[in-house]
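Biologist: I am new to reading protein models. Could you walk me through this one, feature by feature?

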Amino acid sequence: MDGKNTPTRSNPAALLPIGVFLVLYLGFGLVFEYILKIPMGFYNVKAVIIFLVALLVAVIQAGKMPLNDKMKIMVQGVADENVLTMCLIFLVAGAFSGAISAAGGVDSTVNLFLTFLPSKFAVAGLFFISCFISLSMGSSTTTIAALAPIGVGISTATGFNLALCLGAVVSGAMFGDNLSMISDTTIAAVRTQGCEMKDKFRMNFFIVLPAAILTLVLLVVMTPSAASELEIGSYNIWKVLPYLVVLFGALLGLNVFGVLIVGTVMSLVVGIATGAFPWTELFNVTFTGVSNMYDITVISIIVACIGALVSYGGGIQAIINFIRSKINTKKGAQLGIAALVAGVDVATANNTIAIVMTGGIAKDISDEFNIDPRRTASLLDIFASVVQGILPYGAQLLYAVAGAAALGHTLSSVRLLPYLYYPILMGISALIFIFFIPQKDDKKKA
């Protein structure tokens, strides 16, 4: 949300559109999922439609001013540089994801890693592979959908606990979802806070590295000796190369648009050259990835409109005043931002939407308490990912159990909770960071 139009007055009633969205989305989701017993019921509640209802409420609530004036306020919100850049990056990232998936990059990457892993380290290796793929693709759900069958295969072949194997897949997927510079959560976090992706990555990596190391150790300790060795499929190093180019290009701080375009072209060339798909399908495979980003792109535009009206009405100032009345330190403000994004994620079951909805408010809070934008962006992304990674009705856990069900294994998403080591440790690491790692140079390095 954009804070440009925030007036000096404070008006909590202006937050009504946000409340309407949360009540409708969470309410219908609970009814569909737990009362009507609709499979993946939360995902039958289309967020775009609920956001349009919330936008209508915001327009009505804006008062008697002419509709054209209300439109101008919304246009100012959408025209924000961060909003437009975020939407464009979403679409280009989708193109890369569609192209590399069609080229067979996921299977080759998995088989490449497993080729060099003894069975004792298979589950820890599964976590590492999931980390790499999600870090390269920027999508936790795509990673889980691709690797859940591999997790089931490892469990079947070795006798390892299925929940442990799937927990490793989900944990690694959340590592990349949180850190990847082409992840929609990272894009949303850095654009709403106005910092560079590479700078956010460095700070975020420092925060979560202890959690990742502890997760690897726990997975090795929790993995018994295998009853038999794994049967590994073949791999093609050329299909892994686009991942490496995008990953290292982003880490080097190269322009994200250029890196993604290069990765997309490489993926298409590799896919055609290896016979993964005919050249006549190059537009279709790319479009498939782009179309997967339509929802979050449209949602970002609608949320910018709602945010502009809410800000104009004094809603953002009301939140800042409330937080100021409860806390008066940087640590307190950071805890408030963490609680805010985590709470919205519980309601929406979507970490990207949670960041988009709370990013503007978090920006205003961080400005108020002089918090480094890199720090705020990291905390937004981390705590949204923590909640999303352990939410039984979230897409990540539902995708994991669906992957198992497709292979004849019935498993409740709740059964995975004790084995989701990384999301839990990530939250603990972030809390330690807030309490014990002070901000050194405020915004000078941002």
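Biologist: Which helix gives the largest share of the lining of the largest pocket?

Modeller: That is H4, with five residues. Before we go on, this is a predicted model, where local features need pLDDT of at least 70 and side-chain atom pairs count only at pLDDT 80 or more, while totals for chains, interfaces and linings use all residues. Residues are numbered from 1 along each chain as its sequence is written, and side-chain values use heavy atoms, with hydrogens and water left out. Helices here are DSSP runs (H or I, at least four residues), numbered from the N terminus.

Biologist: How much space lies in the largest pocket, and which residues are closest to its centre?

Modeller: A pocket is an open set of points on a 1 Å grid where a 1.4 Å probe fits, with protein on both sides within 12 Å along at least five of seven lines; lining residues have an atom within 4 Å of a point. Here the largest pocket holds about 990 Å³, the volume being the space filled by probe spheres set on the points. Its lining has 41 residues, and the closest to the centre are Thr141, Asp184, Asn292, Asn350 and Tyr399. Helices that each supply at least two lining residues include H2 (47-61), H7 (140-158) and H19 (395-405).

Biologist: How do the lining residues divide into nonpolar, polar and charged?

Modeller: The lining has 19 nonpolar, 18 polar and four charged residues. In this scheme Asp, Glu, Lys and Arg count as charged, Ala, Val, Leu, Ile, Met, Phe, Trp, Tyr, Cys and Pro as nonpolar, and the others, Gly among them, as polar.

Biologist: Which residues touch the most other members of the largest nonpolar core?

Modeller: In soluble globular proteins, nonpolar side chains tend to be buried together. A nonpolar core is a set of buried Ala, Val, Leu, Ile, Met, Phe, Trp, Tyr and Cys residues joined through side-chain atoms within 4.5 Å. Buried means under 20% relative accessible area, exposed over 50%, and partly exposed in between (1.4 Å probe, protein chains only). In this model the largest core has 131 residues, and Phe51 and Ile133 touch the most other members. Helix H8 (residues 162-179) gives the most to this core, 12 residues.

Biologist: What does Phe51 touch?

Modeller: Contact means heavy atoms within 4.5 Å. Leaving out residues up to four places away in sequence, Phe51 touches Phe21, Ile299, Ile302, Val303, Ile306, Ile353 and Met357.

Biologist: How many salt bridges are there?

Modeller: Side chains of opposite charge can pair when their charged atoms come close. The rule asks for a side-chain nitrogen of Lys or Arg within 4 Å of a carboxyl oxygen of Asp or Glu, and the count comes to four. One of them joins Asp381 and Lys200, with the closest N and O atoms 2.7 Å apart. This pair links distant parts of the chain, since Asp381 is in H18 (residues 373-390) and Lys200 in H10, 181 residues apart. Asp381 counts as buried at 0% relative accessibility, and Lys200 also has 0% and counts as buried.

Biologist: Where do Arg202 and Asp199 lie?

Modeller: Both are in helix H10 (residues 197-222), three residues apart, about one turn of the helix.

Biologist: Why is H19 described as largely enclosed?

Modeller: Eight of its 11 residues are buried, so H19 is largely enclosed by the rest of the structure. Its buried residues include Leu397, Leu398 and Val401, and what covers them includes H7, H8, H17 and H18.
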